[in-house]
Amino acid sequence: MRTVDLGHTEAAVCSHLDTIRSVTPSSPGCEDCLRIGGRWIHLRLCMCCGHVGCCDDSPNRHARAHWSATGHPIIRSYEPGESWWWCYEDQVIFEVEGAPKALSHP
Ligand SMILES: [Zn+2]
Ligand SMILES: [Zn+2]
Ligand SMILES: [Zn+2]
């Protein structure tokens, strides 16, 4: 896995790092699943707007749907203890130096 230093983005593996914002998670679970009564396996957090969606192993794949709907390409894992990030556009997994290691949710 590559590590990205946001202060030196010229070496970045992903060209969308300037879309990253300091976001507040929108929901304790996949907000779209919660709305329709769906179930999810793992959670993903959009780093552009804080949308919480479910992973590609989940039946409804809301994180991917959010990318399709909004064009927000970068998510990070919203699972406790996981610190990897993913860009749907570049299809690259990376870690961000200095980012909080673990987010927790119920
Ligand atoms: Zn990218
Ligand atoms: Zn979902
Ligand atoms: Zn978003």
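Trainee: Hi! How many helices and strands does the protein have?

Mentor: Hello! This is a predicted model, and the protein in it has 2 helices and 6 strands. Along the sequence they follow the pattern β-α-β-β-α-β-β-β.

Trainee: And in what order do the strands sit in the sheet?

Mentor: The order is β1-β6-β5-β4-β2-β3, in an open sheet with mixed pairing. The edge strands are β1 (2-4) and β3, each of which pairs on one side only. Neighbouring strands of the sheet are turned by 40° against each other on average, direction ignored.

Trainee: What packs on the sheet, then?

Mentor: Helix α2, residues 62-70, packs on it and touches β2, β3 and β4. The direction of α2 makes about 120° with that of β3.

Trainee: Which residues of α2 are buried?

Mentor: His-62, Ala-63, His-66 and Trp-67 are buried in α2. They lie on the same side of α2, because they cover an arc of only 150° around the axis.

Trainee: What do the buried residues of α2 pack against?

Mentor: They pack against α1 (31-36), β2, β3 and β4. Over on the other side of α2, Ser-68 and Ala-69 are exposed. The helix is followed by Gly-71, which has a positive phi near 80°.

Trainee: How does β2 join to β3?

Mentor: β2 and β3 (residues 52-54) run antiparallel and are joined by 3 bridges. They make a hairpin with 5 residues between them, and Gly-50 in the turn has a positive phi of about 90°. Within that pair, Arg-44 stands opposite Gly-53.

Trainee: What does Arg-44 meet in β4?

Mentor: Its bridge partner there is Ser-77. β2 and β4 (residues 74-77) also pair in the antiparallel sense, over 3 bridges, and Leu-45 stands opposite Arg-76 in β4.

Trainee: So where does β5 come in?

Mentor: β5, residues 85-87, pairs with β4 in the antiparallel sense over 3 bridges. Arg-76 has Trp-85 as its bridge partner in β5, while Ile-74 has Cys-87.

Trainee: What does Ile-75 touch?

Mentor: Leaving out residues up to four places away in sequence, Ile-75 touches Arg-44, Leu-45, Cys-46, Met-47, Ala-63 and Trp-86.

Trainee: How much of the whole protein is buried?

Mentor: Buried residues make up 30% of the 106 residues. As for contacts with a separation of 6 or more, residues 24 or more positions apart account for 49% of them.

Trainee: Now the loops. Where is Arg-61 found?

Mentor: Arg-61 is in the loop between β3 and α2. Its phi is positive, about 45°, although Arg-61 is not a glycine. Most residues other than glycine have a negative phi.

Trainee: Why does Arg-61 count as partly exposed?

Mentor: Because Arg-61 has 19 other C-beta atoms within 10 Å, and a residue is buried if that count is 20 or more.

Trainee: What about the phi of Gln-91?

Mentor: The phi of Gln-91 is near 50°, a positive value in a residue other than glycine. Gln-91 is in the loop between β5 and β6. It counts as exposed because it has 9 C-beta neighbours inside 10 Å.

Trainee: Last one: is Asp-18 buried or exposed?

Mentor: Asp-18 is exposed, with 9 other C-beta atoms within 10 Å. You'll find Asp-18 in the loop between β1 and α1. The C-alpha atoms of Asp-18 and Leu-6 are separated by 8.8 Å, and the two residues are 12 residues apart along the chain.

Terms used: Residues numbered from 1 in each chain as written. Chains lettered and ligands numbered in written order. Predicted model: local features only at pLDDT ≥ 70, side-chain atom pairs only at ≥ 80, totals over all residues. Pairing = 2+ DSSP bridges. Helix = DSSP H or I, 4+ residues; strand = E, 2+ residues; numbered from the N terminus. Axes fitted to C-alpha atoms, helices over the stretch in contact; angles between N-to-C directions. Contact = placed C-beta atoms within 7 Å. Buried ≥ 20, exposed ≤ 12 C-beta atoms within 10 Å, placed from the backbone. Arc of directions from axis to C-beta.
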